[in-house]
Amino acid sequence: MALEFARRIRDIPVYPAADGYALPDEVAMLASNESPYPPLPEVVGAVQRVLSGVNRYPDPTNATLRKRLSRAYGVPANRIAIGNGSCDILLAAADALLEPGAEVVYAWPSFSIYPHLAATTGATAVTVPLDDEDRHDLPAMADAVTVATRLVIVCNPNNPTSTAVPLQKIVELLDAVPRHVCVIVDEAYCEFNVLGHPDASLDLLDAHPNLVLLRTFSKVHGLCGLRVGFALCGAEEFRLAVDQVRQPFFCNAAAQAAAVEALEHGDEVTRRVERAVAGRLQLEEGLRGLGLLVTDSQANFVWTHLPEDADEAAVVRGLAERGVLVRAGAALGREGALRVTCGTPDENDRFLAALAEIVNG
Ligand SMILES: Cc1ncc(COP(=O)(O)O)c(C=O)c1O
């Protein structure tokens, strides 16, 4: 006899994870917005040093990491939450804030984990379409807030469309949303946004206690395999709540050590951003050269619309057959598009050459 699961399990979408975990090294992995560059030797060294002590539980308060983040971002440590990846903090926020009858507002298409938040809690997802340029429509999102809203999520820059909204628009949203509604600005890719300073949003925290800036070590720091993310909060209440709903020891010792060490290498962050920006120019120029429409990317990936008559699945398959993995728009909320991570210059060239072959028949 089959197990009897909770009703809500049927509503939880399966996360559209990319293929390619057991593929040979020569495959260009441009499907998961990862860094193509390995961790720094100092970061690997920091991880190795903690391994001999893993008979002990990790520090459940993440004290060293929070203190170091506090120094880096000027936010008090009691207002910094840590997570087993930033997804962990999103799911914990849903657990703490949402319940049947409550609403969560987010744009669509946006990050694939957001639909899980309503589904796992029985809350209602209110999705607001992106505008004609694949950007968040923040006035429409403000209008979507009702008495039932507990959480608004803005993904800036947005995954999968790579577009960013100016900070002033976020200020206007914050001004329009009542204090009891939590606003999470998911800034997983903020370091790659050259429209403004990535840390300009930090200035908003003191004036907006309901604001949470969600960051990760998975992208620019290249530590997604270790799983560590953090939230910079306008008030301590958010951290206390997300810590309350999770298991203790949610961030392992290797992840804590790697993140602390990574924060010592701001120069490496700058180098990686420069390489990613050069890579996205390479991809944007190449895609436009093929006559394809590309959104204005402020992330470490690009989003391109395929011609109307193109068979998206066949294009993705054709690329995979040529050793290049990218994400099909259909899996991310909009059919007829591709999301392509900025790889090394060679990987980007391989992608463009393979796509040219497919598009030009
Ligand atoms: C917008 C956005 N937020 C958060 C994450 C999650 O990152 P992690 O859980 O690895 O910190 C991702 C990962 O792709 C993302 O695209």
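**Ligand and sheets**

Reply: Start with the ligand: one of its nitrogen atoms is 2.7 Å from an N or O atom in the side chain of Asp-186. That is a polar contact, meaning a pair of N or O atoms within 3.5 Å; within protein, one must be able to donate a hydrogen and the other to accept it, and residues adjacent in sequence count only if both atoms are side-chain atoms. The protein covers 94% of the 400 Å² of accessible area that the ligand has on its own, by the Shrake-Rupley method with a 1.4 Å probe.

Me: What kind of model is this, and how are residues numbered?
Reply: It is a predicted model, where local features need pLDDT of at least 70, side-chain atom pairs count only at pLDDT 80 or more, and totals for chains, interfaces and linings use all residues. Residues are numbered from 1 along each chain as its sequence is written, and side-chain values use heavy atoms, with hydrogens and water left out.

Me: Back to the ligand. How many residues surround it?
Reply: 13 residues do, and Ser-86, Asp-186, Tyr-189, Thr-216 and Ser-218 are the closest. The cut-off is a heavy atom within 4 Å.

Me: Which side chains come up for the ligand's oxygen atoms?
Reply: Ser-218 has a side-chain N or O atom 2.6 Å from a ligand oxygen. For Asn-159, the distance to a ligand oxygen is 2.7 Å.

Me: New topic. What is the order of the seven strands?
Reply: The open sheet runs E2-E8-E7-E6-E5-E3-E4, with mixed pairing. Strands are DSSP runs (E, at least two residues), as are helices (H or I, at least four), numbered from the N terminus. Two strands pair if DSSP finds at least two bridges between them.

Me: Which strands are at the edges?
Reply: E2 (80–83) and E4, each pairing on one side only.

Me: How do E2 and E8 pair?
Reply: They are antiparallel, over four bridges. Ile-82 stands opposite Phe-230 in E8.

Me: And E3, is it buried or exposed?
Reply: Five of its six residues (103–108) are buried, so E3 is largely enclosed by the rest of the structure. Buried means under 20% relative accessible area; exposed is over 50%, and partly exposed is in between (1.4 Å probe, protein chains only).

Me: How many bridges join E3 to E4?
Reply: Six, and the two strands run parallel. Glu-103 has Thr-124 as its bridge partner in E4.

Me: What about the four strands?
Reply: They form an open antiparallel sheet, E9-E10-E13-E12. E9 (293–294) and E12 (327–328) each have a single partner strand, so one side of each is left without a neighbour in the sheet.
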